[in-house]
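Subject: Handover of a structure, with notes

Dear colleague,

I am passing this structure on to you, and my notes follow below it. Please read them with the structure open beside you.

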Amino acid sequence: MKQKKGSLLSWHTEWIMSRFPFQLTTEADYDAAYRFSTESPEAFWEDVASHYQWRKPWHTTLEWNFQEPDVKWFLGAELNITENCIDRHLSDKAEQTAIIWEPNESHEAAKHISYRELHDEVCRMANVLTDLGVTKGDRVCIYMPMIPELAYAVLACARMGAIHSVVFAGFSANSVADRINDSSCKVVITTDAMSRGAKQIAVKAIVDEALTQCTSVERVLVVNRMNWEVPMAEGRDVDYRKEHAHAATIFEPVAMQSEDPLFILYTSGSTGKPKGVLHTCGGYMVYAGYTFSNVFQYKTGEIHWCTADIGWVTGHSYILYGPLLNGATTLMFEGIPTYPDAGRFWEVVDKHRVNIFYTAPTAIRSLMSAGIEHVLPYTLQTLRALGSVGEPINEEAWHWYDTNIGKNRCAIVDTFWQTETGGIMLTSCAGVTNSKPALAGLPLPGVQPILVDSNGNEIEGNDAEGHLCFKFPWPSILRSTWGDHERCRQTYFATYPNLYFTGDGARRDEDGLYRIIGRVDDVINVSGHRFGTAEIENAINQNKHVIESAVVGFPHDIKGQGIYAYVILAKGSEANQDMRDRIIETVAHEIGRIAKPDKIQFVSGLPKTRSGKIMRRILRKVAEGDVSSLGDTTTLLDPTIVEEIVKGAN
Ligand code: WT7
């Protein structure tokens with residue numbers, strides 16, 4: 001990115017001579033940057049950070065310890081991320097499209113939103129939120145479909161220093177309420193309704209139901225999407241159409257401290273309720289923009305499409321912040337891959353001349369199974385780079401993607417990262433660094449992975465396998481989990497002293513490239529969505545017919561992992577299909593449809609040790625259909641239960 005000469009904010013380039021270009025475009029650049037980033041990490045990140053606009057310089061680049069943990073980047077600096085995402089592009093890109101919006105219905109017109117319009121709409125939204133009483137530091141829950149106003153809402157919060165908490169619009173009222181309450185949101189931004197594929201969803205009604213359980217919410221801003229007549233609570237609910245008409249298109253960005261919170265995003269762990277991962281302004285900005293530019297090798301004028309929902313971190317970093325920080329054109333799609341048919345993605349690629357396409361293995365597998373006839377009508381000739389994210393990609397899907405979508409001429413990047421890392425960590429850089437089918441690849445410069453055994457000893461050298469950790473902070477490492485710092489320490493920093501632990505197992509091959517094996521904790525990854533087994537069990541147990549349950553993941557052809565639930569019913573409750581449906585409904589009600597079990601097996605007991613611990617190893621084996629080696633079951637309280645479970649497996 002080039003720094004404007006004479007701009008108020010160019011102080012930094014005067015005293016930091018950039019050693020590297022912002023975008024590393026050759027393998028030699030990458031190697032040199034990587035080496036430098038491990039020898040002098042602080043100097044490396046100062047160099048990267050100097051490519052952004054800051055209101056005020058930092059006095060200290062980094063302070064950190066992984067014990068508390070306490071990580072601070074660019075201390076003393078002030079910035080506003082939206083100034084970097086929007087305002088700095090107005091001098092040369094005001095009329096360039098910032099966001100292409102493709103609606104759910106293919107016959108509805110797409111929208112092209114220029115950087116100028118984006119500026120004006122974000123300012124309008126910020127002014128309306130100000131009128132509703134939102135100020136710096138307030139939490140705002142955003143529960144919306146993928147429409148342009150969702151992007152405006154996120155950026156408006158960032159511009160005014162409010163902390164956004166986007167909740168994926170597939171979560172149930174209960175989940176929304178939990179998230180609103182955990183971070184005591186003051187305002188909710190939502191819509192009347194939405195459509196996803198052929199389905200219509202009463203979004204506002206879900207918010208109304210959630211709010212019966214919340215006391216912190218003062219105002220609800222309702223954006224119109226579907227022209228539904230929805231009940232509006234007097235004194236609480238506000239129709240955005242009315243406010244928009246007279247809202248000013250100027251809003252001065254609030255100067256934020258580098259370590260001021262930018263957003264909270266809830267994600268599941270192996271225990272308890274989902275936790276609010278906290279990211280801060282300076283470090284997140286530096287990392288999101290840097291990774292976007294380097295991983296995808298974005299070139300001015302290209303069209304980037306990340307198919308994620310902005311309700312997940314992938315959408316935060318690679319639909320909104322990363323691309324906009326680079327002055328890119330980013331595509332936002334409201335629909336689903338299979339509506340009106342399984343050719344929709346490819347139709348959109350051709351229609352909008354997409355150059356970079358970034359999706360999840362589960363989508364690739366489902367489109368692969370739909371048949372090649374859905375791909376053949378489209379040329380896909382504009383594609384240059386393809387990305388994969390969210391779960392391990394199997395070789396079959398990788399090759400299908402390479403051959404049928406990339407026509408064997410696109411770079412493929414398999415990007416490993418997490419909500420907690422804020423941006424991509426392990427990956428190849430499109431067309432620049434070594435890439436192999438089904439391997440994530442190398443760490444980005446500035447990223448220091450380490451594999452450890454279960455005692456925390458480093459496994460050195462190539463051709464190694466272990467638990468994947470990082471030993472040095474990068475700018476967008478999570479800072480805390482909202483309202484419960486101890487939980488953050490426990491979850492990520494306590495397992496192995498002085499290391500950030502991902503929860504994943506990984507292999508490093510003979511060339512130093514990483515292959516992610518999968519979670520080593522009680523987290524399951526269903527279609528790239530993370531759930532704790534305990535979280536799903538708690539939901540199932542809310543059904544009045546259920547005494548107890550145990551949930552494990554099992555290999556699923558399309559979803560990567562499916563949800564397998566073992567359920568003990570109350571006396572007199574009938575174990576039949578109707579009961580299964582009712583339990584599924586309970587989970588949909590407690591969490592959302594995305595968490596519904598694929599298989600439910602009724603059992604009379606669970607394999608527990610004498611100390612009462614469920615032996616999940618056995619349940620996993622049965623769910624996988626591998627009952628040949630169940631291992632030692634002699635420590636079980638009642639070993640006969642295993643026989644019953646094996647017989648009843650489905
Ligand atoms: C977990 C993080 C931020 C990406 C979207 C999901 C798994 C993510 C890969 C990959 C293998 C992957 C890991 C990780 N994961 N990317 N390229 N290869 N596994 O974010 O919900 O925070 O989940 O997703 O298990 O820990 P998330």
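Predicted model: local features only at pLDDT ≥ 70, side-chain atom pairs only at ≥ 80, totals over all residues.

The structure as a whole holds 0 disulfides. Cys85, for instance, takes part in none, and the nearest cysteine sulfur, which belongs to Cys281, is 11 Å away. With a relative accessibility of 0%, Cys85 counts as buried, and Cys488, also at 0%, counts as buried too.

Next comes the ligand. It is surrounded by 17 residues, of which Asp414, Thr415, Thr419, Asp504 and Arg530 are the closest. By class, this shell is made up of 6 nonpolar, 6 polar and 5 charged residues, and at least two of its residues come from each of α12 (313-325), β20 (411-415) and β27 (514-519). Looking at individual atoms, a polar backbone atom of Thr415 is 2.7 Å from a nitrogen atom of the ligand, while a polar backbone atom of Pro392 is 3.4 Å from a ligand nitrogen atom. Arg530 contributes through its side chain, a polar atom of which lies 2.8 Å from an oxygen atom of the ligand. The ligand taken alone exposes 550 Å², and the protein buries 95% of that area.

Strands β28 (residues 523-526) and β29 (residues 529-532) pair in the antiparallel sense over 4 bridges. In a regular strand, side chains alternate between the two faces of the sheet. In β28, Val523 and Asn525 point one way and Ile524 and Val526 the other way, and all of them are buried. There are 2 residues between the strands of this hairpin, and Ser527 takes a positive phi near 50°.

Some backbone details deserve a careful look, given that most residues other than glycine have a negative phi and most peptide bonds are trans. Lys407, in the loop between α15 (395-405) and β20, has a positive phi near 50° although it is a residue other than glycine, and its relative accessible area of 33% makes it partly exposed. Arg353 is not a glycine either, yet its phi is positive, at about 55°; this residue follows helix α13 and is placed in the loop between α13 and β18 (356-359). The helix itself, α13 (residues 344-352), has Arg344, Phe345, Trp346, Val348, Val349 and His352 as its buried residues.

Finally, Trp228 is found in the loop between β11 (219-223) and β12 (237-239), where a relative accessibility of 31% makes it count as partly exposed. From Trp228 to Ala49 the distance is 46 Å, C-alpha to C-alpha, with the two residues 179 apart in sequence.

Technical notes: Residues numbered from 1 in each chain as written. Heavy atoms only, no water. Disulfide = S-S within 2.5 Å. Buried < 20%, exposed > 50% of the residue type's maximum accessible area, 1.4 Å probe, protein only. Near = heavy atom within 4 Å. Polar contact = N/O pair within 3.5 Å; in protein donor to acceptor, adjacent residues only side chain to side chain. Areas by Shrake-Rupley, 256 points an atom, 1.4 Å probe, with all protein chains shown as cover. Nonpolar A, V, L, I, M, F, W, Y, C, P; charged D, E, K, R; others polar. Pairing = 2+ DSSP bridges.
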